[in-house]
Amino acid sequence: MNAAASTGASAAAAGAKGPLWPGWHKLPREARDTLFQLGVIGWTILPHLGHLPWWCGAITAVVLSWRAWLALTNGPLPNRWPVIGLLVIATGLTLWTERTLLGKDAGVMLLVVLMGLKTLELRARRDALVVFFLGFFLVLTHCLYSQSLLTALWMLVSAWGLLTAQVLASMPVGRPTLKRAGKVAARSALLGLPLMALLFVLFPRFGPLWGLPQDGLGHTGLSGSLRMGGVADVANDDTVAFRIKFDDRPPPQAQLYFRGPVLTQFDGLEWRQPPQLTGVPRVPPRLQLHGRPVGYELLVEPIRLSLLPLLEATPDQPGAAPSVTGWPLRLGPDLQWQTDRLITDRLRLHAQAWPDYQMGPRESLPAGFELTRLPEGSNPRALAWARALRAEPGLARADASELAQALMQHIRREGFSYTLAPGAYGRQAVDEFWFDRKQGFCEHFAASFVVMMRAMGVPARIVTGYQGAEPPDADGWMIVRQSNAHAWAEYWQAGVGWRRADPTAAVAPDRVQAGRSLVPRPGLMAGALTSVSPALAEQLRRTWELLDNRWNQWVMNYSRSRQFDLLEAMGFSAPSWEDLTVTLIGLLSLVSLTAAAWAWWDRHRQDPWQRLHRQIREALLPLGIHAQPHHAPRALAREVRVQLGEAGTPLAEALEALDRSRYGHENRRLPGPTWWRQFEREAQRLRRRKPIQLQPG
């Protein structure tokens with residue numbers, strides 16, 4: 001065993017006999033480096049705990065805590081049997097939880113547990129390298145669940161921590177500080193930044209490298225069906241559904257209706273979309289557009305639907321229809337923009353809409369009977385009340401618009417209330433809402449309105465989507481959240497077509513006129529900050545979402561079309577994949593030649609420590625001290641004391657201080673800027689003394 005190893009073993013033994021936590025700076029180096037590495041591993045695993053089962057986090061926490069205890073107490077590592085036992089348990093629990101050992105979630109579970117178990121086998125440098133590589137792979141798995149700016153920052157810290165731990169492992173001599181190792185790791189990462197940026201900008205986009213199609217599905221959002229309380233559940237989610245930026249001045253909030261699924265079939269409990277018949281040609285909607293169009297750009301987050309929630313009414317005509325590369329879009333007869341698959345990617349598009357429009361046939365409605373049908377035995381009190389209202393003398397000859405106004409007047413004067421938490425309703429939900437409780441969210445009002453209109457013989461349907469948006473941010477983007485989810489009604493009137501009716505506006509006009517959706521209860525931290533300063537909390541949220549939006553647009557939405565736009569800006573008239581490949585290869589070759597030239601220059605330049613040592617030898621030579629390149633500062637100090645006696649004491653003390661700084665606890669590569677000036681001043685003082693009294697050797 002060499003001297004350094006003996007010293008480290010003695011320090012570890014002394015640390016074991018002393019207090020369990022003597023302080024971070026007094027820990028033996030091996031214990032300090034191990035604890036730092038465990039902290040980085042814990043930081044990397046932490047975001048996964050939100051979507052992994054509790055037992056996975058518990059096993060990993062126990063293993064990491066066990067390894068930390070062994071590091072603090074200088075205890076021996078366990079043999080392989082406890083590790084194998086924990087691995088078998090984790091594998092069995094993974095199989096029990098996921099019913100498979102393959103797939104995203106099962107793979108991440110095993111990777112997290114294996115990462116923790118591998119820390120119990122850190123016996124050699126090879127084991128440390130395995131932990132580092134597992135750590136870097138674990139960092140990448142975060143992209144399987146989220147690609148937000150916060151996740152990217154978290155991954156950046158994890159990668160920097162793993163690089164720092166790897167730098168520490170490559171410095172076995174002395175006691176390098178974490179600050180020094182962190183600087184080396186950061187400098188190494190920055191040196192690779194140009195190459196990383198080049199590959200990001202020019203590497204061909206063949207599709208998502210990380211994430212599976214189902215990974216992009218939103219956990220909450222609108223669906224193709226509706227039950228009482230369904231939209232309220234969605235509205236409790238405050239995440240971003242999409243962002244919109246208008247080419248000109250935004251329309252009023254009351255005109256911001258973003259159309260989603262249209263529900264026509266009702267079985268007494270649930271509203272559904274009509275089945276799509278194969279082989280039947282889709283008839284586009286009859287639209288009459290009035291006024292000036294509104295141009296807008298939409299950035300849609302992944303949702304659970306195969307349609308785009310576009311602003312009403314976005315027609316299928318040149319210059320107005322949306323277009324997304326690789327996504328076939330078609331306009332259905334209900335004014336829904338359908339896609340050929342679920343939206344699992346973030347999409348960006350431009351379109352035009354006419355807020356003032358008329359839709360549908362005017363003379364007759366082919367499916368009018370289907371749109372007045374109600375299930376037998378469902379909500380009998382509501383049906384009887386609606387038929388009685390229709391039979392009143394003042395409404396006997398009323399058209400659909402007058403009947404709708406009568407229902408709106410009833411909602412306004414009968415004490416209905418708009419709430420995000422109305423509670424659960426039974427099988428006769430419309431009866432219970434209309435006559436008994438009179439508390440509900442937008443779907444309660446819309447569904448009851450449609451049932452009443454159908455009971456009076458008027459074709460009606462429910463439309464779900466989003467209504468309203470937040471004020472524009474610094475970049476002009478308006479955020480539409482899941483909490484803006486909304487349901488309204490449409491009824492058909494002869495001579496006019498389909499007309500929108502929003503009964504929520506009758507009881508909560510601010511919800512529609514000002515776009516003020518009910519705010520769900522915030523979390524613990526957000527609630528505490530909001531209670532202290534609501535304005536600050538809102539400003540912080542908007543600032544963060546602005547940064548996140550820029551991240552999504554500049555980084556996550558960097559697509560092949562933007563690559564070709566970049567090539568056009570570089571002078572390519574009709575860029576292709578061949579041009580992209582040639583450009584990438586050429587720039588990579590240039591970067592490689594530059595790196596080779598820098599490596600050649602770095603190989604031939606002198607190390608700063610060697611340069612300082614040469615200057616010290618040159619300063620000592622006139623004093624009669626012939627130093628060699630292999631002499632350490634402590635050996636030079638001893639020679640100074642022998643040759644110069646008491647007169648050379650300050651010079652020897654300076655050399656001893658340099659030796660302690662270089663090889664002692666500080667482990668500094670170079671002394672401070674004042675050291676050389678003091679040393680050179682003292683050497684000049686000794687050279688001016690005549691004669692120099694040399695001691696006999």
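How many residues does helix H3 have, and how far does it reach from its first C-alpha to its last? I looked this up in a predicted model.

**Entry 1: helix H3**

I found that H3 covers residues 54–73, which makes 20 residues. Its reach from first C-alpha to last is 29 Å, close to the 28 Å expected at 1.5 Å a residue.

I then listed the buried residues of H3: Trp55, Cys56, Gly57, Ile59, Thr60, Val63, Leu64, Arg67, Ala68, Leu70 and Ala71. An α-helix has 3.6 residues a turn, so residues three or four places apart point the same way. I noted Ile59, Val63 and Arg67 among the buried residues with that in mind.

Next I checked what covers the buried residues of H3. The cover includes helix H2 (29–45), helix H4 (80–98) and helix H5 (104–118).

I also looked at the residue just after H3. Asn74 takes a positive phi there, of about 55°.

**Entry 2: nonpolar surface patch**

Which residues make the nonpolar surface patch of about 470 Å²? I wrote down Leu150, Leu153, Leu156, Trp544 and Leu547. Two elements give two or more residues to this patch, helix H7 (149–169) and helix H18 (534–556). H7 gives the most, with 3 residues.

I took Leu156 as one of the patch residues to check. Leu156 is placed in helix H7. I count Leu156 as exposed because its relative accessibility is 57%, and the cut-off for exposed is over 50%.

**Entry 3: a sheet of 3 strands**

I traced an open sheet with the strand order E8-E10-E9 and antiparallel pairing. Its edge strands are E8 (307–308) and E9 (329–331), each of which pairs on one side only. Strands of a sheet pair through backbone hydrogen bonds, either parallel or antiparallel.

How many bridges join E8 to E10? I found 2, and E8 and E10 (residues 337–339) run antiparallel. Opposite Leu308 stands Trp337 in E10.

**Entry 4: Arg286**

Is Arg286 buried or exposed? I count Arg286 as exposed because its relative accessibility is 54%. Arg286 lies in the loop between strand E5 (270–272) and strand E6 (287–290).

I then looked up the contacts of Arg286, leaving out residues up to four places away in sequence. Arg286 touches Gln358, Met359, Gly360, Pro361 and Glu363. For the pair Arg286 and Gln358 I noted a separation of 72 residues in sequence and 8.1 Å in space, C-alpha to C-alpha. Arg286 is thus recorded as an exposed residue that has contacts with residues including Met359 and Glu363.

Technical notes:
Residues are numbered from 1 along each chain as its sequence is written. This is a predicted model: local features need pLDDT of at least 70, side-chain atom pairs count only at pLDDT 80 or more; totals for chains, interfaces and linings use all residues. Side-chain values use heavy atoms; hydrogens and water are left out. Patches are made of residues with over 30% relative accessible area and no salt bridge: like charges are joined within 9 Å, nonpolar side chains (Val, Leu, Ile, Met, Phe, Trp, Tyr) within 5 Å. Accessible areas come from the Shrake-Rupley method with a 1.4 Å probe; for residues, only the protein chains shown count as cover. A salt bridge is a side-chain nitrogen of Lys or Arg within 4 Å of a carboxyl oxygen of Asp or Glu. Helices (H or I, at least four residues) and strands (E, at least two) are DSSP runs, numbered from the N terminus. Buried means under 20% relative accessible area, exposed over 50%, partly exposed in between (1.4 Å probe, protein chains only). The expected span of a helix is 1.5 Å times one less than its number of residues. Contact means heavy atoms within 4.5 Å. Two strands pair if DSSP finds at least two bridges between them.
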